[in-house]
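Hi,

Here is the structure I promised to pass on.

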Amino acid sequence: MDKNVAFADLGMDSDTQPSRTNSDTTGTANNDGTVVQWTPTHSDASLDHFVKKDGLVFAGTHLIIDLVGASRLDDLAHVEETLREAVEVSGATLLHIHLHHFTPNGGVSGVAVLAESHISIHTWPERGYAALDVFMCGDAEPHKAIAVLRRAFRPDSIQLNDLKRGLTV
């Protein structure tokens with residue numbers, strides 16, 4: 001599959017979802033679209049979307065979330081609606097969502113691709129368990145997604161690991 005088609009299928013077509021505006025760069029391109037020369041017209045540091053918080057500078061917050069004793073983990077529409085709400089309350093920008101419904105157990109795996117990074121989910125409804133990654137940079141607030149997940153899936157418990165990615169960069 002052509003790489004550009006694959007990116008377009010994921011909602012990451014640079015023609016329709018540019019990561020920078022056309023005024024942010026200058027350069028030339030070959031007929032096949034590959035860039036021969038690229039020169040930023042801005043300070044790279046100004047657009048890296050690193051987080052500045054509590055005297056630290058890091059790429060983003062990565063929440064590793066385990067839902068134990070959870071329900072509705074086999075309901076594909078509910079999982080999608082929940083991910084969309086989590087993105088919205090976190091102040092993130094949804095680029096694309098892709099979910100897969102497994103049979104016969106009904107588990108769901110998928111990802112919400114964000115301008116700020118991603119939310120991924122993998123569910124085992126037969127065990128009442130879901131594993132999620134919520135990784136966001138910039139001004140997004142990933143911790144706000146936890147309340148959405150709690151309300152949507154009603155877990156008996158939530159296990160949380162809170163990582164600061166790129167802290168040493």
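Predicted model: local features only at pLDDT ≥ 70, side-chain atom pairs only at ≥ 80, totals over all residues.

Residues are numbered from 1 along each chain as its sequence is written, and side-chain values use heavy atoms, with hydrogens and water left out.

**Overall layout**

The chain has three helices and 10 strands, where helices (H or I, at least four residues) and strands (E, at least two) are DSSP runs numbered from the N terminus. In sequence order the pattern reads α-β-β-β-β-β-α-β-β-β-β-α-β. Of the 169 residues, 33% are buried; buried means under 20% relative accessible area, exposed over 50%, and partly exposed in between (1.4 Å probe, protein chains only). Contact here means heavy atoms within 4.5 Å. Among contacts between residues at least 6 apart in sequence, 54% join residues at least 24 apart.

**Helix α2 and what it packs on**

Helix α2 covers residues 76-90, which is 15 residues. From first C-alpha to last it reaches 21 Å, close to the 21 Å expected at 1.5 Å a residue (the expected span is 1.5 Å times one less than the number of residues). Which residues of α2 are buried? They are His78, Val79, Thr82, Leu83, Ala86, Val87 and Ser90. An α-helix has 3.6 residues a turn, so residues three or four places apart point the same way. The buried residues of α2 pack against β6 (94-101), β7 (108-114), β8 (117-124), β9 (129-136) and α3 (144-153).

**The core**

A nonpolar core is a set of buried Ala, Val, Leu, Ile, Met, Phe, Trp, Tyr and Cys residues joined through side-chain atoms within 4.5 Å. The largest one has 28 residues, and Ile65, Leu83, Ile119, Leu132 and Phe153 touch the most other members. At least two residues each come from β5 (60-68), α2, β6, β7, β8, β9 and α3, and α3 gives the most, with six. Leaving out residues up to four places away in sequence, Ile65 touches Ala130, Ala131, Leu132, Val134, Ile146, Leu149, Ile158, Gln159 and Leu160.

Strands β6 and β7 pair in the antiparallel sense over seven bridges (strands pair if DSSP finds at least two bridges between them). Leu99 has Gly110 in β7 as its bridge partner. Six residues lie between the strands, and Gly106 in this hairpin has a positive phi near 85 degrees. Pro104 is also in the loop between β6 and β7, and a cis peptide bond joins Thr103 to Pro104, with omega about 10 degrees.

Most residues other than glycine have a negative phi, and most peptide bonds are trans. Ser117 has a positive phi of about 145 degrees without being a glycine, and lies in strand β8. Arg154 is not a glycine either, yet has a positive phi of about 45 degrees. Arg154 lies in the loop between α3 and β10 (157-165) and is exposed, at 59% relative accessibility.

**Rings and charges**

Rings of Phe, Tyr and Trp (its six-membered ring) pair if their centres lie within 6.5 Å; planes under 30 degrees apart count as stacked, over 60 as edge-to-face and the rest as tilted. That gives one aromatic pair. The rings of Trp124 and Tyr129 have centres 5.4 Å apart and planes at 35 degrees, so this pair is tilted. Trp124 is partly exposed at 35% relative accessible area, as is Tyr129 at 25%.

A charge sits over a ring if NZ of Lys or CZ of Arg is within 6 Å of the ring centre and within 35 degrees of the ring normal. The charged end of Lys164 sits over the ring of Phe58, 5.6 Å from its centre, and Arg165 lies over the face of Phe135, 5.4 Å from the ring centre.

Beyond its neighbours within four places in sequence, His143 is in contact with Thr61, Leu63 and Asp162.

Cheers
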